[in-house]
Amino acid sequence: ALPPSESLSVLRSLHLHLVSLLSPLCRDYIWQHEPFALSLPSSLDGPCPLCRSPPVPHLHGKLHFGDALDDEWLVAALLFAASSAVPSITARAWDSDGDFLLIEAAFALPRWLEPDTAANRVFIRGGQLHIVPKRVFPDTPSLEAALAAVRSEEVDTRASDKVQAAISRTISGYPDKAIANMQRVRVRVTLPVAQVLKEEPFFISLAVEGFYDRDVDTMKHAARMERFLRGSDGDIEMVRVSVRMSRAMYAQLVQQKFLAPTGYPMPSREEGPAAFMEAELGMKIACGFEMMYQERRQAGEEGKGSTWEAFKQSLESSGCFTGLLPGSKEYQRIMDGALEEVLNAPVRRIDEILSMSYSVDGFKGIELPPNDDDSWMYDGEEELNIAIMEGEKEMEDYEAERKQRKQQKSTGKASSSLSDDFNLKDITETMQAFVQKLSSFEGAEVPENRFLSVIANDSEYEGDLAEELEDNNSEEGFMQLYSDALNEELNATVLKKSFIRAHQQSNNVTEGPSNATTSDAANDMNEELTPVDVDVNLVQSLLDSFSSQQGLPGPTSNLLGLMGVKVPPDTKKPYLDRASVSILVDSISSIIRAYGWREVVLVYEDSEYGSGIIPYLIDSLEQVDCRVPYCSVISLVATDDQIIEELYKLMTMQTRVFIVHMSVPMGSRLFRKVNEAGLMSQGYAWIMTDGITSLVESLDPSIIGSMQGAIGVRLYVPKSRKLDHFARRWRRRFQQENPDDQPAEPGIFALWAYDTVWTVAMAAENVKGINSSFLKLANTSDSTGSDRLGVSIAGPLLLRLISESRFRGISGEFLFADGQLRSSTFQIINVVGKGGREIGFWTPQHGITKQLKKNRTKVYSALMTDMNPVIWPGESTVVPKGWEMPLSGKKLRIGVPLLDETDKFVKVERNPITNAITVSGFCIDVFEAALQTLPYALPHEYIPFENEGLCAGTYNDLVDQVYFQASTSCDTELQNR
């Protein structure tokens with residue numbers, strides 16, 4: 001490597017050569033923001049602050065292309081041209097999306113190349129794209145190592161022909177293609193603007209940028225027009241000139257609605273559309289120059305403004321101040337240099353141009369070229385269709401090739417998604433293929449002396465084993481010794497019992513008498529000699545993990561999905577009972593629909609129970625056109641302060657309807673804090689799922705007091721003599737065992753437990769007399785736990801009788817469906833006083849009803865009138881709107897014309913004493929009625945269109961003022977609509 005001084009000298013020569021080579025290619029091109037230029041790094045002593053490259057000799061450049069993609073691809077074409085002309089240079093290019101060249105060749109890339117693995121691998125050299133292969137650097141290489149590989153003749157880094165062709169299709173034709181996308185147009189501008197464009201035609205990009213990126217603050221400069229309205233003699237003079245700009249700039253000017261500031265001369269529309277179009281475009285360019293000039297001047301002088309903030313953020317994001325303290329000398333030096341080069345340079349140049357003598361005479365007698373055709377801006381459908389068809393064909397070719405490749409590599413039949421065709425062997429075979437497919441061609445390698453160093457550093461093995469290691473230098477001998485050492489250590493644990501061995505697959509359960517005489521020693525010896533079945537253990541681990549997901553997305557289901565394996569449901573261990581969940585969430589969404597609420601916030605605990613139904617609940621709410629803007633997840637170990645903090649966050653939101661899905665302990669804590677935070681007041685609505693509602697009567701009175709006004713759903717338990725008799729016995733027994741506690745009513749879970757015992761007892765009665773002997777599980781001689789228990793021969797019959805049980809118990813109709821206790825009627829309650837007050841019912845067949853009746857013919861209903869009145873939080877009988885506008889919300893300002901006082905459509909009256917304005921009329925009434933139907937608040941105010949009490953213009957003038965405020969004395973916010 002050359003010393004830094006010599007490297008900089010070589011870079012300067014290369015820089016001059018490339019500038020002379022590339023400048024003619026883009027001399028006539030108008031860049032969207034600023035011209036692309038290569039420059040030398042400030043120093044080679046450390047990482048480059050601009051491109052963040054390590055300290056290697058390089059040239060760099062930066063481009064802000066915005067909406068002009070031609071700028072980006074022109075730079076790419078220039079880099080390919082430079083690398084062709086100077087084969088010894090290597091270039092790379094990236095944007096905010098990463099290596100954008102790879103995106104263009106996405107269908108031709110190797111499968112391992114992704115955004116996460118592409119760092120320091122993609123380069124341009126010799127006019128072609130190079131990709132550093134993964135076989136050379138399995139991990140992300142350093143930039144120096146990657147450059148060495150690209151330059152090396154021993155490493156083939158050239159990308160495939162398909163990749164080269166994809167890139168070539170995009171950059172072919174540049175720079176001519178980019179220059180062809182220029183637009184020439186005649187405009188009518190003020191004399192200062194014409195003079196600046198005459199001297200610096202490329203400054204048109206700055207003017208368009210200033211106009212297109214305007215905001216409320218910069219609009220004030222356009223309203224005053226202090227620099228570009230009047231000439232040096234103070235007069236306003238207009239000049240017709242021809243301007244070249246990119247099509248993107250032209251579209252940004254034409255498509256933006258913008259009214260001329262006060263005092264800016266504009267022709268009347270009677271002069272013809274062509275004259276007005278020229279004047280309007282010129283006015284937008286002049287205002288863009290004014291806003292750009294004043295903002296940059298202010299940023300340079302005062303160090304503030306939107307332009308200054310954006311400029312400062314760009315410097316910080318590019319790493320210019322890495323390792324520097326704000327305000328330090330080096331920090332300020334870099335800031336001043338960048339400020340002078342980027343922000344102040346255009347301002348100084350404009351001041352220099354306008355300080356010279358100029359007049360209208362300099363523009364007379366010049367024949368202006370005609371306007372370019374702009375039909376491309378309105379008739380681009382054909383071009384778009386061609387691009388879409390090309391993309392579709394590329395996708396079809398890729399899919400066809402991928403399908404053919406997959407068929408060639410396929411070695412067996414794909415796993416079936418049906419449970420009847422499901423084969424556990426498929427998982428093991430597919431897993432092996434999956435692992436081999438993702439492994440590198442070299443496979444896994446064990447570092448030399450890795451195990452030896454571990455053992456040698458452990459004092460426990462310093463005895464005979466160390467001597468044996470010294471005597472045995474062969475790899476096989478070492479691995480055998482190491483394996484024996486591991487086995488000796490693991491033999492003292494119970495880990496070996498967790499594996500499934502070969503003989504257990506076909507003989508999992510054997511009868512007790514046949515094994516009764518087998519000695520423990522024989523069992524141990526057989527277990528030692530029987531090999532562990534790796535495939536079966538793999539499948540068992542995957543299925544256990546899949547089962548723990550409870551049917552929800554998880555790592556195992558994702559892994560099996562990638563392998564093309566779909567595991568059928570486990571009928572012996574069902575996951576979430578989706579039928580019951582569907583009934584529960586539909587009952588809640590029917591309540592939301594009945595009250596017309598359009599947004600709700602879900603509040604649930606961070607547990608398997610809490611999050612299990614949330615996806616189903618959100619889907620059900622979407623069915624009734626209700627949105628969930630936020631989910632509040634409360635941790636089971638959250639402190640009271642953390643809960644309060646989350647509740648304060650909910651208070652700042654617009655939504656005032658909350659659905660709570662929690663267990664009783666967590667729900668009790670939550671509602672205490674809800675009451676303390678003031679969220680149980682008028683205007684709020686709280687809806688509880690059955691987890692809390694089912695036990696609301698058994699809660700502490702203080703907890704019930706904090707829930708006043710909430711509504712909830714729970715499974716309905718019909719009244720009966722059996723239930724009354726059971727409840728009396730329950731209260732008497734509860735009072736005897738808990739004399740100091742308040743009397744409690746039995747909840748649904750207690751009723752289910754009672755009926756379940758009856759179900760088991762009746763099923764056991766029916767299997768009386770059948771062989772009740774037990775089968776003993778194999779290999780349980782060392783066990784002291786429940787696995788020593790045998791398996792009943794009558795067990796399958798008992799289980800079938802239980803699942804087929806159907807009778808009327810104290811909880812109502814007691815039956816099972818698909819192994820789950822099924823109940824489909826929900827009771828809707830309102831927490832008032834000491835418990836829940838019934839306000840209605842919900843069934844899947846009829847929806848919401850006030851009373852349950854047999855032989856109903858009424859169709860499904862979800863109406864508020866089908867429920868009894870509710871006492872809402874704050875003891876209010878008014879149904880909450882469901883939303884409140886935060887106090888900091890902005891008001892919608894509505895311009896109102898001053899029409900005849902007798903006009904019945906819009907009428908503006910002013911109180912002569914208070915000067916208050918009253919707006920009325922038919923149009924106002926219709927507008928106010930429409931606002932009442934919105935599911936959110938819309939604060940607004942009416943602004944009369946007047947000037948000293950008189951109408952300020954026609955209705956068209958009023959509409960124009962929506963886009964621009966003509967009066968400079970009124971400093972209000974302008975909104976583009």
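Student: Which residue lies over the face of F363?
Tutor: K198 does, at 5.3 Å from the ring centre. A charge counts as over a ring if NZ of Lys or CZ of Arg is within 6 Å of the ring centre and within 35 degrees of the ring normal. R214 lies over the face of F211, at 4.5 Å from the ring centre.

Student: What sort of model is this?
Tutor: It is predicted: local features need pLDDT of at least 70, side-chain atom pairs count only at pLDDT 80 or more, and totals for chains, interfaces and linings use all residues. Residues are numbered from 1 along each chain as its sequence is written, and side-chain values use heavy atoms, leaving out hydrogens and water.

Student: How many aromatic pairs are there?
Tutor: The count is 17. Rings of Phe, Tyr and Trp (its six-membered ring) pair if their centres lie within 6.5 Å; planes under 30 degrees apart are stacked, over 60 edge-to-face, the rest tilted.

Student: Why is the pair of F228 and Y293 edge-to-face?
Tutor: Because the planes are at 85°, with the centres 5.9 Å apart.

Student: Are those two buried or exposed?
Tutor: F228 and Y293 are both buried. Buried means under 20% relative accessible area, exposed over 50%, partly exposed in between (1.4 Å probe, protein chains only).

Student: Which residues do ring pairs link into a cluster?
Tutor: F658, F671, Y684 and W686.

Student: New topic. How many disulfides?
Tutor: The count is 0, taking a disulfide as a pair of cysteine sulfur atoms within 2.5 Å. C626 is buried, at 3% relative accessible area.
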